[in-house]
Amino acid sequence: MQLLILSVLFIFGASIKLPQNFLKCNRSDPDWKKCVFEAAVHAAPQFTKPFPELNAPNMDPYFIIELSISAGSKTIQMDQNFTNVKIYGLSRVEVIDFAFDFGAKTIYLEGIFPEIKMTGMYKFNGKVFLLPIYGEGPGQVIFRNLKANMTAHYEEKKKNGKTYIKVVSAPLKMIPGLIQFQHDNLFDGDKTLGDNINQVMNDNWQAVYKDIEDGYTQVVQKITVNLFNNFFSKLSLEEAFD
Ligand SMILES: *[C@@H]1O[C@H](CO)[C@@H](O)[C@H](O)[C@H]1NC(C)=O
Ligand SMILES: *[C@@H]1O[C@H](CO)[C@@H](O)[C@H](O)[C@H]1NC(C)=O
Ligand SMILES: *[C@@H]1O[C@H](CO)[C@@H](O)[C@H](O)[C@H]1NC(C)=O
């Protein structure tokens, strides 16, 4: 723990170089766009371990101590609260596009995640498809063939002659191919009632997603913006690119 604090203090305020694990692209290179795309393809699978120098945690699984997905208005009339959440599969993204636009100050990301699995302890109390529901226990949500695209808008800040960027907004669109829900121990362990609710949610996953898309989107936006901002808080554009 002490070692960790020391190393965090040590890098605080200091600018760092791009770690060797990542490909460096040259902004004046005619093949610049292709290089950035390849750098993203090359980087994604590496996030199965943390990069402390970039303040980047392990992304696969990505751990969240507490997570709340906001209620919808139709099918899911309750906040979905989870603790000790692990998200698996982020590093296995198939990158479709990754592009910096320094003029527009945007980063465009597009990818397909074959499988995103979220596990954790849930606590529910509300209504699902107008049926009262309550319970707590282990839960799991699997997104299959999740298509996602995001346009991150950033601001620049100059420090010691270097340019640092900070993402300020990141509109995101996610289109899952399928969602599978499994919440164990609903209704204090009444298996018949619990199985029923899981079945109803699975049979109607599209309606469920439509109702709570905003909640999911906000969570993913937060993770992505955090990752970007941590990554680029010490790493200037001049160090990230030639
Ligand atoms: C970047 O590319 C330009 C144009 O091809 C070249 O002149 C320059 O030396 C390159 N910079 C580095 C660090 O390779
Ligand atoms: C879920 O979290 C919200 C916000 O923290 C809280 O108001 C609500 O009571 C929680 N619900 C359950 C069932 O714990
Ligand atoms: C996602 O892609 C669609 C279709 O190309 C586009 O219309 C939309 O603006 C994109 N959304 C974001 C947030 O980049």
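Author: Accessible areas here come from the Shrake-Rupley method with a 1.4 Å probe, and for residues only the protein chains shown count as cover. This is a predicted model, where local features need pLDDT of at least 70 and side-chain atom pairs pLDDT 80 or more, while totals for chains, interfaces and linings use all residues. Residues are numbered from 1 along each chain as written, chains are lettered from A and ligands numbered from 1 in the order written, and side-chain values use heavy atoms, without hydrogens and water.

Reader: What share of the accessible surface of the chain belongs to carbon and sulfur atoms?

Author: The C-alpha trace spans about 60 × 45 × 25 Å along its principal axes. The accessible surface of the chain is about 13,300 Å², and the share of carbon and sulfur atoms in that area is 55%.

Reader: In what order do the elements of the chain run from the N terminus on?

Author: Helices (H or I, at least four residues) and strands (E, at least two) are DSSP runs, numbered from the N terminus. The chain has five helices and nine strands. Among contacts (heavy atoms within 4.5 Å) with a separation of 6 or more, 68% join residues 24 or more positions apart. The elements run α-α-β-β-β-β-β-β-β-β-β-α-α-α.

Reader: Which parts of the chain does the pair of Cys25 and Cys35 tie together?

Author: A disulfide is counted when two cysteine sulfur atoms lie within 2.5 Å, and by this rule there is one. Cys25 and Cys35 form it, with their sulfur atoms 2.1 Å apart. The pair ties together parts 10 residues apart in sequence, because Cys25 lies in the loop between α1 (2-11) and α2 (32-43) and Cys35 in helix α2.

Reader: Is the link of Cys25 and Cys35 left-handed or right-handed?

Author: Cys25 counts as buried because its relative accessibility is 2%. The angle about the S-S bond is -90°, and the link of Cys25 and Cys35 is left-handed.

Reader: Which strand gives the largest share of the shell around ligand 2?

Author: The residues around ligand 2 (a heavy atom within 4 Å) are Asn81, Lys123, Phe124 and Asn125. The protein covers 42% of the 370 Å² of accessible area that ligand 2 has on its own. An oxygen atom of ligand 2 is 2.3 Å from an N or O atom in the side chain of Asn81. Three residues of the shell, its largest share, come from residues 106-128, strand β5.

Reader: How far is an oxygen atom of ligand 3 from an N or O atom in the side chain of Thr151?

Author: Around ligand 3 stand Tyr108, Asn149, Met150, Thr151 and Pro171. The distance from an oxygen atom of ligand 3 to an N or O atom in the Thr151 side chain is 2.7 Å.

Reader: What is the relative accessible area of Ala71?

Author: Ala71 is found in the loop between β1 (62-69) and β2 (76-77). Leaving out residues up to four places away in sequence, Ala71 touches Ile76, Gln77, Met78, Asp79 and Ile212. Ala71 counts as partly exposed because its relative accessible area is 35%.

Technical notes. Polar contact = N/O pair within 3.5 Å; in protein donor to acceptor, adjacent residues only side chain to side chain. Buried < 20%, exposed > 50% of the residue type's maximum accessible area, 1.4 Å probe, protein only.
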